[in-house]
Amino acid sequence: MADIVLDKVSKSFPDGTVAVQDVDLEIADGEFVILVGPSGCGKSTTLNMIAGLEDISSGELRIAGQRVNDKAPRDRDIAMVFQSYALYPNMTVRENMAFPLRLAKLDKETIDRKVDEAAKVLELTSLLDRKPANLSGGQRQRVAMGRAIVRQPKAFLMDEPLSNLDAKLRVQMRTVVSRLQKQLGTTTVYVTHDQTEAMTLGDRVVIMRGGAVQQVGPPQELYDHPKNLFVAGFIGSPSMNFLHAAVQDGELHTALGKVPIGDRVRRELESADAPRELILGIRPEHFEDAELVDDDTRRRGMEFEAPVDIVESMGSDKYVYFTVEGEKASAAELEELAADAGAADFAGAGGNLVTRLSAESPVAEGQTRRVWFNLEKIHLFDPANGRNLTLHEGRAAGALAD
Amino acid sequence: MSINATPTGADVAADETSESTGRHATVPTQRGGRRKPPLSENKKAERRLGLLLCAPAALVMIAVTAYPIIYSVWLSLQRFDLRFPDQREFIGLENYVTVLTNEFWWTAFGVTMLITVVTVAVELVLGMGLAIIMHRTLVGRGLVRTSALIPYGIVTVVAAFSWRYAWTPGTGYLADLFSDGAPLTERASSLAIIMLAEIWKTTPFMALLLMAGLALVPEDLLKAASTDGATAWQKFTKVMLPVMKPAILVALLFRTLDAFRVFDNIFVLTAGGNETSSVSMLAYNNLIRGLNLGIGSTMSVLIFITVAIIAFVFVKLFGTAAPGSDDGERR
């Protein structure tokens with residue numbers, strides 16, 4: 001077990017592409033860190049560099065305080081789990097799991113004991129004599145995990161280990177991975193493109209974009225206090241709604257009406273180079289059917305009316321899609337997020353407003369509904385650089401903060 | 001689907017029958033009194049269409065392979081020498097006795113086996129090296145691959161002639177370099193040169209087949225082996241080779257069958273002199289030059305049988321199958 005430190009680690013290819021740029025990251029001993037981001041953001045490259053499967057162009061990588069830049073993977077004492085599981089097809093489950101131990105030249109008894117232990121933990125005992133070809137996806141995944149844990153390495157590196165499983169199994173395996181990591185207390189770096197996995201699994205989440213780290217923090221912090229537009233849009237499902245907001249006479253003109261702003265944001269906007277146009281972000285759960293809001297809450301937000309497009313009843317609450325008029329929010333980050341999620345999944349920047357209302361709301365498709373939203377939970381972003389203007393000392397304070 | 005874990009010949013035979021039963025299970029035959037439900041009209045029509053669609057290919061196969069094979073078997077059972085056409089008569093297996101008790105045949109057989117084993121073994125090693133080079137090259141990949149394949153692209157006879165001139169004293173650069181005599185006039189050196197020519201010529205083919213096998217090894221598997229603590233050599237022997245096994249066996253099968261029929265290099269280099277004839281040379285000498293259709297055909301049939309045995313051993317005992325197919329141990 002060990003801590004892992006990335007000190008200005010970069011990766012550039014001979015043709016000049018920079019895959020990873022100056023990543024600084026300190027992973028504590030026993031910590032579970034998730035690297036997440038859209039495809040091509042450099043997360044897998046970063047993981048491969050930690051594993052030693054990819055050279056580090058510049059910067060320093062330390063595992064347990066030791067510089068390992070020039071060490072071969074086999075000398076780094078790390079175990080890796082691959083998306084494709086990478087099980088040796090010619091070996092049985094037992095042989096697969098014993099492989100790293102055999103290479104480490106352990107005696108047969110120790111190997112058998114360790115493999116049996118790991119098999120028990122992962123409920124693989126009855127499958128030990130099978131070949132990978134005769135296992136289901138979930139079983140293969142567990143064997144891959146087993147091969148990683150038998151060795152008790154300094155760290156686990158997982159490269160989208162659950163992405164090849166179907167949705168239900170993925171949720172199941174998520175808890176298996178999480179429990180296993182807690183049990184073993186081994187430092188783990190986990191790469192995924194799935195923000196749900198990132199939110200549910202990690203102690204800390206590292207959000208990457210274009211080879212650079214955007215924000216590092218516990219999942220809830222990233223959710224509540226996103227540093228920039230990209231983080232805000234990437235974390236959360238359904239994603240945050242983004243609206244175009246024009247600054248005019250100390251107010252924000254948006255498709256939802258005129259939104260008042262507090263002193264702090266106003267001061268920020270008074271400087272000479274402050275943007276005249278902003279992007280207003282608000283999460284679906286910060287909307288509510290205006291009928292269901294009590295007076296006390298009502299005062300903290302404002303209301304608007306819009307035609308209901310689609311109602312999706314989830315039982316516990318309702319996802320209601322509204323059509324809103326007005327200019328669309330546009331920024332490079334939003335385009336990237338939309339491209340990554342597929343236009344259908346990322347409604348955030350479109351003319352659609354996704355809201356999560358109480359199940360009691362009598363809202364029906366086709367009607368025009370009055371909706372309340374919480375001004376304290378609003379984020380304002382600078383479209384030029386994506387910075388969250390409502391963030392004050394790392395905390396999001398909403399538009400009204402003084 | 002293949003059978004590869006059958007250790008003995010008896011088992012193979014047993015397996016063979018059980019497999020054929022299995023394979024024909026869908027055919028509506030009355031077996032052991034058990035009656036299969038009659039086929040629906042639809043199924044019958046489908047089967048008829050299937051047979052019709054197979055017919056052209058089957059006919060062509062019969063015309064170009066089955067007929068010549070049967071005809072040469074027929075010829076091999078006769079005394080039939082074109083120089084003495086009047087003496088033609090059916091003599092059963094007498095020709096086989098003649099050939100199989102003849103020392104020329106066994107010398108040629110030994111030479112052929114030697115050439116086959118040595119060339120295939122050397123080609124496997126060199127071919128693997130070449131395949132890895134071609135697979136791993138990042139710069140000038142096309143150039144490397146093309147140049148590696150040149151020997152295979154040259155007509156064997158042309159290449160054989162160039163080897164012959166090279167080893168001819170006086171004119172050849174190799175003869176002057178490596179020996180004072182005429183290497184192609186001595187048995188050992190002749191065989192060595194024949195094998196060298198064979199290896200030079202067909203290693204690229206081996207490499208090409210093995211390269212297809214290399215492409216089957218997933219990159220992740222090698223990465224996994226690296227993180228599991230394998231050295232480069234361990235990665236090669238413990239991960240790559242087992243995964244490539246089907247491709248290696250196919251390559252070996254092709255090359256063994258090919259090598260066993262070695263002809264052109266010997267024909268050009270030594271013309272079979274100094275006991276360097278292969279069985280194919282011998283068959284050619286008897287059949288075409290000697291005009292002895294009976295004995296010549298007997299030899300061809302014997303070659304055919306040997307080749308069939310080699311193929312059988314590869315397919316049934318080693319479990320050679322199409323690259324990438326499952327190893328048949330599904331339960």
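The model is predicted: local features need pLDDT of at least 70, side-chain atom pairs count only at pLDDT 80 or more, and totals for chains, interfaces and linings use all residues. Residues are numbered from 1 along each chain as its sequence is written, while chains are lettered from A and ligands numbered from 1 in the order in which they are written.

**Chain A: domains**
- The domain assignment, automatic or from a database, gives chain A domain 1 (4–224) and domain 2 (238–396).
- The centres of these two domains, taken over C-alpha atoms, are separated by 37 Å.
- An unreviewed UniProt entry places the feature "domain: ABC transporter" at residues 4–235 of chain A. Such annotations may be inferred rather than shown by experiment.
- That span is 36% helix and 25% strand, and its end C-alpha atoms lie 25 Å apart. Helices (H or I, at least four residues) and strands (E, at least two) are DSSP runs, numbered from the N terminus.

**Chain A: a sheet**
- Four strands of chain A form an open, antiparallel sheet in the order β2-β1-β4-β5. Two strands pair if DSSP finds at least two bridges between them.
- The edge strands are β2 (18–27) and β5 (66–67) of chain A, and each pairs on one side only.
- Strand β1 (residues 4–12) of chain A is joined to β2(A) by six bridges.
- Leu6(A) has Leu25(A) in β2(A) as its bridge partner.

**Chain A: backbone details**
- The peptide bond from Ser237(A) to Pro238(A) is cis, with omega near -5 degrees. Pro238(A) sits in the loop between α8 (229–234) and β11 (241–248) of chain A.
- Glu123(A) is not a glycine, yet its phi is positive, about 55 degrees. Glu123(A) counts as exposed because it has 12 C-beta neighbours inside 10 Å.
- Gln152(A) also has a positive phi, near 45 degrees. With 13 C-beta neighbours inside 10 Å, Gln152(A) counts as partly exposed.
- The cut-offs, with C-beta atoms placed from the backbone, count other C-beta atoms within 10 Å: 20 or more is buried, 12 or fewer is exposed, and in between is partly exposed.

**Chain B and the interface**
- Chain B has 13 helices and two strands. Of its 331 residues, 30% count as buried.
- In chain B, 19 residues are in contact (C-beta atoms, placed from the backbone, within 7 Å) with 20 residues of chain A.
- On this side of chain B, α9 (219–228) and α10 (232–260) each supply at least two residues. The largest share, seven residues, comes from α9(B).

Conventions: Contact = placed C-beta atoms within 7 Å.
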